[in-house]
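Me: I have a structure open beside its sequence, and I would like to learn how to read it feature by feature. Could you take me through it slowly?

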Amino acid sequence: MGNDHIRARAVTTRSRRLHGTLLALTTAGALLLTGCSGAGDSDHGYSSDRNDGTAPLPAPAYPSGTAQGEQSGEQQGDEGREFAPSPDYLSTFALDVDTASYGYARRTLADGRMPDPSTIRPEEFVNSFRQNYERPDGNGFSVTVDGARTDEEDWSLVRVGLATRAEEDDDERPPAALTFVIDVSGSMDEPGRLDLAKDSLDVMTDRLRDDDSVALVTFSDEAETVLPMTRLGDHRGRVHDAVDRLEPQSSTNLGAGVETGYATATKGLREGATNRVVLVSDALANTGDTDADTILERIADNRREHGITLFGVGVGSDYGDELMEQLADKGDGHTTYVSDTEDAREVFCEELPQNIDLTARDAKAQVAFDPETVEQFRLIGYDNRQVADEDFRNDRVDGGEVGPGHTVTALYAVRTKPGTSGHLATASVRWLDPETRSPHEESGQLEAGTLDDRLWTSSDGLQVAAVAAYFADALRQGDKRWTRLPGSLPLTELGSRAHELANSTADKAVRELADAIETATGLRR
C-alpha cells in the first residue's frame, strides 16, 4: 500500500498533554483506544509517549463525570452499541489479534451461503489486513492515531493503530515448546479438516529449529498423548510418524483434549522457551464438557502458573466459532481459521512461528474522547473484549497477548461537534513485560485537523480498514442488535471501492476481500 500522510499533530510535552486532558476531565469527565497483522502502508500520524506505568498518564481511570446533552458520549444499545445518550467518554478493551471470523465468513461465502450474523466480529475483519504503523525498538507498542471524514455530516472514522517490534530472524527468537492438540473425531474426516492439519504439521515440523520441541495429543471420545514433548534435533522422524498415524475416530470430547494437552505441555515445560498449546479442531464439541469456562477452569492452574497460552486453529465448513473464540480469549491466546492448503501452510509455517514469541502480556487499550469536541463515538467491534474503564490499570484483569511483527487496529465512528478544532482524543495502551511482568504504557494524541481528508481519498491503509469494517457491518445487519455504521455503502459500491484498492495496492489479501464482497452481493440479490 502507498504511504499515508501524517494525520495526527504530535504533542511533544507531557505538561501540555496532561493539561488538555485534565481540563476535559474537569469539564465533563472521562476519555478513549484499539486492534493484528504485519506490514503494508506507512502510517506516521501519531504522538507516542512511553511511561513505565507509575507516573501520571493521559488516560487516567478517573470517574466519567456528568457530560450533558441528549446525544453525548459512548453509544450503547441493549446488547450491542446503539446511538443513544450516555455520559461515558472512555472506551476500554483488551487487545485482540484474532482473524477467524473473517476467514470463516470467506469460506461460508465460497460455499454459496451467507454467514450467520452472530459469527461476524468486525475487528477480526479489520485485523486481517496488513498495516505499516511505525514500530517500536523493543517490547511493547507504538501508537498511531488518524482518521478521515465520512459522507455523513460530522461523522468520521478514527483509526487507532498499535504495532509491536519487527519480527526477529528465526534463529534469534526463544526456542518453542509446542503441544499440538488435534481433533480426530468423526467430523474431522471431511476434506479440508484433518487432512489439512496433517499436511501442515509435516511441513511445519521440517521448518522448526532443532532446539524446538513438539508434543502431540489427540482427542475423540477420549484424549491421548501420542507423542510426549520431543526435542526435534534428530527426532523429526518420530513426529512425522505420529502425524501419519492420525485417523478420524468418533465423538468430539474437546474438553478432554484441552485438559490433556495442558497436562502434556506442563509435563514437558521448558524454562526459557515459549510454551504454547495449539488446538486444531472444528470445535463441534458433543461429548464431555462443552462450555468454555468449565473447560478452562480445569486447566486454570497450569495456564496461570506456567503462562502457557492457547492458539486456536479452526477448520471445516461447519465450525464451532463461538466455542473456539471463547477458549482462545479466556485462554490468553487467539484464533485463526483455515479453509484450504494455502491457508493452512500460511498459518502453520508463517503465522504460528510469528506467534511463538511474545512482546506483551495482558495488553489493554483505552481511548479518552474530549467531551468539548466529541458528540458521540462508537467502537467498531471488540464486543467480547470490553473491559471496565476503572480496570485499565488493574493488572489482575486479563488483557491480550501479542507477539512481534503484529499490528492491531481499532476503528471508531466519531461524531464531532460542529466547528470543532483542537484536541479530540488520547489513545493509550498498557501491557506487562512478558519476562518481568512490569507494567508499561504508551499514548498517542488525535487533533481535529487530522480529520480534514475525506475517507475515500485518504490513505490506502485507512480505506482498506474502512472497507473491511463496512463489509462486516453489512454481513451482520440481519442481527437486530446492530445499527448501520455512519458512512456505510451498499455492497455493490463497497465492492467497487475494494476492487480499486486491490488494483492500487497490488495486495492479494485486498483482492480476496473484493472477491468476497462481490460474492456476498450476488447472494443478496
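This is a predicted model: local features need pLDDT of at least 70, side-chain atom pairs count only at pLDDT 80 or more; totals for chains, interfaces and linings use all residues.

Me: With which residue does E441 form a salt bridge?

Reply: The term salt bridge is used for a side-chain nitrogen of Lys or Arg within 4 Å of a carboxyl oxygen of Asp or Glu. E441 makes one with R393, and the closest N and O atoms of the two are 2.7 Å apart. This pair links distant parts of the chain, since E441 belongs to strand 19 and R393 to the loop between strand 15 (374-379) and strand 16 (400-402), 48 residues apart. R393 has a relative accessible area of 27%, so it is classed as partly exposed.

Me: How many salt bridges does the structure hold?

Reply: There are 24 salt bridges in the structure. One of them joins the side chains of R481 and D479, at 2.7 Å from N to O. R481 counts as partly exposed because its relative accessibility is 30%, whereas D479, at 12%, counts as buried. Salt bridges can also share partners, and in this way R107, D111, R113, E190, R193 and D282 are joined into one network. Within that group, the side chains of D111 and R107 meet at 3.1 Å, N to O.

Me: Which residue is the nearest side chain of opposite charge to the buried R270?

Reply: R270 is buried yet has no salt bridge, and the nearest side chain of opposite charge, that of D211, is 5.4 Å away. You will find R270 in the loop between helix 6 (254-267) and strand 11 (274-281). If a contact is taken as heavy atoms within 4.5 Å, R270 touches several residues, including P175, D212, R231 and N275, when residues up to four places away in sequence are not counted.

Me: Which strands are joined to strand 18 by bridges?

Reply: Helices (H or I, at least four residues) and strands (E, at least two) are DSSP runs, numbered from the N terminus, and two strands pair if DSSP finds at least two bridges between them. Strand 14 (residues 360-369) runs antiparallel to strand 18 and is joined to it by seven bridges, with A368 having T426 as its bridge partner in strand 18. Strand 19 (residues 439-447) is also antiparallel to strand 18, and nine bridges join the two; here S428 stands opposite S443 in strand 19. Strand 18 and strand 19 form a hairpin with six residues between them, and R437 in the turn has a positive phi of about 60°.

Me: Which residues of helix 12 are buried?

Reply: A first check on a helix is its expected span, which is 1.5 Å times one less than its number of residues. Helix 12 (residues 491-505) has 15 residues and reaches 21 Å from its first C-alpha to its last, close to the 21 Å expected. Its buried residues are L491, L494, G495, A498, L501, A502 and T505. Seen down the axis of helix 12, these buried residues fall within an arc of 125°, so they line one face of the helix; the arc is that of the directions from the helix axis to the C-beta atoms. What covers the buried residues of helix 12 includes helix 11 (460-475) and helix 13 (508-524). Just after helix 12, A506 takes a positive phi of about 55°.

How values were computed: Residues are numbered from 1 along each chain as its sequence is written. Side-chain values use heavy atoms; hydrogens and water are left out. Buried means under 20% relative accessible area, exposed over 50%, partly exposed in between (1.4 Å probe, protein chains only). Lys and Arg count as positive and Asp and Glu as negative; His and the chain ends are not counted.
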